[in-house]
Amino acid sequence: MRILPSLMLWGPSESAPQAKVARPSPPLEKTKLASESDNDRVNYAKKRLLKELKDARADPPFHCSFGLAGDDIFKLQGAIIGPSGTPFEGGVFFLSLEFTEEYPSIPPKIKFLTKVFHPNIGKDGSVHVDILKKQWSPAMTTRTTLLSICSLLPDPDPVDPLSPICILYRNDRKAYYKKAREWTIKYAMS
């Protein structure tokens, strides 16, 4: 069980109060405590995202950018510039980034809005990488996540045995690079 510091009823230098006979709390008080912790979580997620946006403006990341997609702090739009020397070179790939109130404990949902031919990117634009699932860490930021996705473009992880793109990448790299370049020209350079 995790105890949130904001729910402590005594200061850090004070000792815990002596045990008293517990009496049931009215349901309204429980709801109030739950909503206060929900507000704390939402406020933390908002503050974290605002700081990440401010940091990105002050020191833009290399090969990518991100910003608000509208008025909702939990919905961002990102862009990745295709790395030099790859089939994605010269392309600009747009992404949607959707965060929950549990961020940074829970990773954002990221989708490519620009079509891209890649073993780790689904037909619907979903990104299939461990850093957005089992390997997520609250230490990750929007910047580091986009940089990781950017580095994934030239260095895919073709583990899905059913994906036709993975099969092509494993069996015929030349044909894969040709198709990836065609898609980059068609969808990311127009």
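In the predicted model, K51 is exposed, its relative accessible area being 51%. That value lies just on the exposed side of the boundary, because a residue counts as exposed over 50%. The side chain of K51 meets that of D55 in a salt bridge, with an N to O distance of 2.8 Å. D55 is partly exposed, because its relative accessibility is 31%. Both residues belong to helix α1 and stand four residues apart, which corresponds to about one turn of the helix.

R41 is paired with E102, and the closest N and O atoms are 3.6 Å apart. R41 is located in helix α1 (residues 27–58), whereas E102 is located in the loop between β3 and β4; the pair therefore ties together parts that are 61 residues apart in sequence. The two partners fall in the partly exposed class, R41 with a relative accessibility of 32% and E102 with one of 29%.

A further salt bridge is found towards the other end of the numbering, between E182 and K178, where the closest N and O atoms are 4.0 Å apart. Both residues are part of helix α4 (residues 173–188) and are separated by four residues, about one turn of the helix. K178 is exposed, at 56% relative accessible area, while E182 is partly exposed, at 38%. In total, the structure contains five salt bridges, among them K51 with D55, R41 with E102 and E182 with K178.

These elements belong to a chain whose secondary structure comprises four helices and four strands. Their order along the sequence is α-β-β-β-β-α-α-α. Of the 190 residues, 35% are classed as buried. The accessible surface of the chain amounts to about 12500 Å², and carbon and sulfur atoms account for 58% of this surface. When contacts between residues at least 6 apart in sequence are considered, 51% of them join residues at least 24 apart.

Aromatic side chains contribute nine pairs to the structure. F88 and F93 form one of these pairs, in an edge-to-face arrangement with a centre-to-centre distance of 6.1 Å and an angle of 70° between the planes. Both F88 and F93 are buried. F93 also pairs with F112: the ring centres are 6.4 Å apart and the planes stand at 75°, so this pair is likewise edge-to-face. F93 is part of strand β3 (residues 92–98) and F112 is part of strand β4, so the contact ties together parts that are 19 residues apart in sequence. F112 is buried, as is F93.

A separate group of rings, consisting of F117, Y169, Y176, Y177, W183 and Y187, forms one aromatic cluster. K115 is placed over the face of W183, at 5.2 Å from the ring centre. R173 is placed over the face of Y169, at 3.7 Å from the ring centre.

Apart from neighbours within four places in sequence, T145 is in contact with I110, I131, L132, W136 and M140.

I81, V92, F94 and L113 together form a nonpolar patch with about 340 Å² of accessible area. L113 is located in the loop between β4 (109–112) and α2 (142–152). V92 and F94 of the patch can be set beside F93, which is buried and pairs with both F88 and F112.

Note on methods. Residues are numbered from 1 along each chain as its sequence is written. This is a predicted model: local features need pLDDT of at least 70, side-chain atom pairs count only at pLDDT 80 or more; totals for chains, interfaces and linings use all residues. Side-chain values use heavy atoms; hydrogens and water are left out. Patches are made of residues with over 30% relative accessible area and no salt bridge: like charges are joined within 9 Å, nonpolar side chains (Val, Leu, Ile, Met, Phe, Trp, Tyr) within 5 Å. Accessible areas come from the Shrake-Rupley method with a 1.4 Å probe; for residues, only the protein chains shown count as cover. Helices (H or I, at least four residues) and strands (E, at least two) are DSSP runs, numbered from the N terminus. Rings of Phe, Tyr and Trp (its six-membered ring) pair if their centres lie within 6.5 Å; planes under 30 degrees apart count as stacked, over 60 as edge-to-face and the rest as tilted. Buried means under 20% relative accessible area, exposed over 50%, partly exposed in between (1.4 Å probe, protein chains only). A charge sits over a ring if NZ of Lys or CZ of Arg is within 6 Å of the ring centre and within 35 degrees of the ring normal. Contact means heavy atoms within 4.5 Å.
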